[in-house]
Amino acid sequence: MDIDLITNILFAMVRTGTPLLLVAMGELICEKSGVLNLGQEGMMLMGAMAGFAVAFVSGDLWFGVLAGILTGMLMSLLFGFLALNLNANQVASGLALTIFGAGLSAYLGGDFVGKPLTGMEAWVIPGLSSIPLIGKALFAQDPLVYLSFVMFGVVFFFVYHSRPGLILKAVGEAPESAVAVGLSVIRVRYLAVLFGGAMAGLGGAYLSLAYTPLWSDNMTAGRGWIALALVVFASWRVGRLLLGAYLFGAASIMHLVMQGLGVSVSSNLLATLPYLATIVVLVLLSSNQARIKLFAPMSLGKPFHKTQ
Amino acid sequence: MLVNVERRAQGSRTMAYMSPVLAMVLTLFTGALLFWIQEQNPLQGLYTFFILPVADLYGLSELGVKAAPILLCAAGLAVCFRANVWNIGAEGQLLMGALFGSWVALQFLESTSGWAMPLVLLSGALGGMCWAAIPAILKNHFNTNEILTTIMLNYVALNLLLFGVHGPLKDPDGFNFPESALFSEATTLPVLIEGYRLHLGALLALLAVVAVWVVLSRTFIGFQIRVLGMDSSAAHYAGFREKKLVLLVLLFCGAMAGLAGVSEVTGPIGQLVPTVSPGYGYSAIIVAFLGRLHPVGIVLASLLMALVYMGSEMGQIQMGLPLALGGLFQGVLLFYLLACDFLIMYRIRWQGFASNVATNEA
């Protein structure tokens, strides 16, 4: 393998990891508040579809990005209504959101399948981008990748160094105590769910506007689910999300590596790698039950009953 | 305040049964609204979607053809969900059943043996079981969340199936189409009525439902499954072997879904193709919930879901509506169901305009 190939693999790894990172950050915040939203895949699909459709019609990619975010938020409100207002089972509500999102995006996006769109262009930062190996991966990406870096910083600061972040964790760890000190559990959880929706919509829009500028049914191909696994992988710690997202990105571009090594394996078999990697990682991390208990938000997945 | 929401002391049985009905009515209204938005006559739309597909005997037979795989998967899922095992992997288990079954069926291309068919069906069920055993073992021994593993395995199974039809199982005389050879007569499921496509798989599905009913309501193992689902610590104190039960329900679901897959390829399709299932395994999740995890309920719900599949095809042919409308209806239905289930645990009191109504403390 030569330097060029490694540079390109690192570049592709960051690109492929970006949608996972965006969605997983949203889900992490959501889970920190104690809400398990399994609807990431559906919100991503809707974000991808809406982003593409709006960008195609308006001719402006940034309108598309905005539409993706807003659509993700709207979708998450549906989940919020079921899981937070009606106290429905969170697992079932999340699944419903995914099934609904897949159906609705295929229905509304029907007219946009196969339409051409010029995707987001890279902002190459002069000088920095010519650093050997990592320059291209970090400084010759499209603006949404840079946005994911920024969001990573924001989420990191929010969770570990801000008062609202403390409130979020309090609600997730001990909702009853949070109520006792005068916090509104439902409101905090709604905000967290909304943020999760926005990030999932953004992650979806990244796919349809930058990663592969097109729309097709079910184009997210399980990335929403992988992002969920990523949160477990990271043991609900923000720093590890970054590592995990790029590792999974690497698993998804194994065909590039294989080509580089001159190995020929069926593309269908290679396509199973990110999913298998997810399972392997889940097995490695879940086998230590104490660890999960230690890091998972205490009230994760449990509905909160307001006491009169 | 005009309405008052209060928590019931006990879940309402009536509402548990009424909620799916209410959800269906709401879905129909939403459907009518969607047709109206598409500038179609809503009544004609509903007629085309829900009545026209089953207006003749052929349509009814097709309803059975579509309902059979959904029902098989839902029967398996209902048992899993009863045990509080969140198996989302019926789709992958179905695909693996189709793949295993096809591989075995392709060994019998020249055969006329009567043993071929049972063997093919058995290998299909075995394929699904093997696939379901993975999340069971991972859950039992590594504490791995079965929702995520089963979903991941769905994607893996789909890619393995694609590998099969593009690679080793491709028909050598098939002009490079990603399809297997057509199965022989000996490995094709017999039809129930001459001239119609309704096949033995539909009977198998009904048998499976009866088996589920007997096991769940009449055997000790079924009792253990229900206890595990309702209160896992109670099951633990009672000395039930939780891991064995988890493995058991997943293996059962895998067998049912695998059977569904192999019945599809040896029944209505007749060969292995990339599109064995239009998402039957996912629809079966909705069916299981809509049917309240009850055998009779899931039979009715799977017929409804099959009708939605047929209706969306009919809507496309007759009215030029997008095929995706079917998937949308399924999602809407599940949403309404979850929302209506609120009424099982909560009561809405209409208080009129009077303000002197005593508020009941729950």
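B:His199 is placed in the loop between α6 and α7 (200-218) of chain B, where helices (H or I, at least four residues) and strands (E, at least two) are DSSP runs numbered from the N terminus. At 1% relative accessibility, B:His199 counts as buried, a term that means under 20% relative accessible area, with exposed meaning over 50% and partly exposed in between (1.4 Å probe, protein chains only). The model is predicted, so local features need pLDDT of at least 70 and side-chain atom pairs count only at pLDDT 80 or more, while totals for chains, interfaces and linings use all residues. Residues are numbered from 1 along each chain as its sequence is written, chains are lettered from A and ligands numbered from 1 in the order in which they are written, and side-chain values use heavy atoms, with hydrogens and water left out.

**Surroundings of B:His199**

- Not counting residues up to four places away in sequence, B:His199 touches B:Val65, B:Leu189, B:Pro190, B:Val191, B:Leu192, B:Ser263, B:Glu264, B:Gly267 and B:Pro268; contact means heavy atoms within 4.5 Å.

**Interface of chains A and B**

- On the side of chain B, 39 residues are in contact with 43 residues of chain A.
- The two chains bury about 3600 Å² between them, and 81% of this lies on carbon and sulfur atoms. Buried area is the accessible area (1.4 Å probe) that two parts lose on being put together, summed over both.
- In chain B, the residues that lose the most area to chain A are B:Leu148, B:Met152 and B:Phe335, together 19% of what that side buries.
- The elements of chain B that give two or more residues to the side touching chain A are α5 (116-142), α6 (146-166), α11 (280-290) and α13 (325-340). Of these, α6(B) gives the most, with 13 residues.
- By class, this side of chain B has 30 nonpolar, 8 polar and 1 charged residues. Ala, Val, Leu, Ile, Met, Phe, Trp, Tyr, Cys and Pro count as nonpolar, Asp, Glu, Lys and Arg as charged, and the others, Gly among them, as polar.
- Across the interface of chain B and chain A, the rule finds 0 salt bridges. A salt bridge is a side-chain nitrogen of Lys or Arg within 4 Å of a carboxyl oxygen of Asp or Glu.

**Salt bridges**

- Over all chains, the count comes to 7 salt bridges.
- B:Arg347 and B:Glu6 form a salt bridge through their side chains (3.4 Å, N to O). B:Arg347 lies in strand β2 (residues 346-350) of chain B and B:Glu6 in strand β1 (residues 3-7), so the pair ties together parts that are 341 residues apart in sequence.
- B:Arg347 is partly exposed, with a relative accessible area of 29%, whereas B:Glu6 counts as buried at 9%. A network of salt bridges links B:Glu6, B:Arg347 and B:Arg349.
- The side chains of B:Lys66 and B:Glu313 meet in a salt bridge (3.8 Å, N to O). This pair links distant parts of the chain, with B:Lys66 in helix α3 (residues 57-82) of chain B and B:Glu313 in helix α12 (residues 295-319), 247 residues apart.
- B:Lys66 is buried, with a relative accessible area of 12%, and B:Glu313 is partly exposed at 35%.
- A salt bridge also joins the side chains of B:Arg292 and B:Asp341 (2.9 Å, N to O). B:Arg292 lies in the loop between α11 and α12 of chain B and B:Asp341 in the loop between α13 and α14, so the pair ties together parts that are 49 residues apart in sequence.
- Not counting residues up to four places away in sequence, B:Asp341 touches B:Ser19 and B:Arg292.

**Aromatic pairs**

- The structure holds 22 aromatic pairs over all chains. Rings of Phe, Tyr and Trp (its six-membered ring) pair if their centres lie within 6.5 Å; planes under 30 degrees apart count as stacked, over 60 as edge-to-face and the rest as tilted.
- The rings of B:Phe35 and B:Phe49 have centres 5.7 Å apart and planes at 55°, so this pair is tilted. Both B:Phe35 and B:Phe49 are buried.
- B:Phe50 and B:Phe329 form a stacked pair, because their ring centres are 6.1 Å apart and their planes are at 15°. B:Phe50 is in helix α2 of chain B and B:Phe329 in helix α13, 279 residues apart.
- B:Phe50 counts as buried at 17% relative accessibility, and B:Phe329 is buried with a relative accessible area of 3%.
- Ring pairs link B:Phe35, B:Phe49, B:Phe50 and B:Phe329 into a cluster.

**Helix α10 of chain A**

- In helix α10 (residues 223-233) of chain A, 11 of the 11 residues are buried, so the helix is largely enclosed by the rest of the structure.
- A:Ser235 follows α10(A) and has a positive phi, near 50°.
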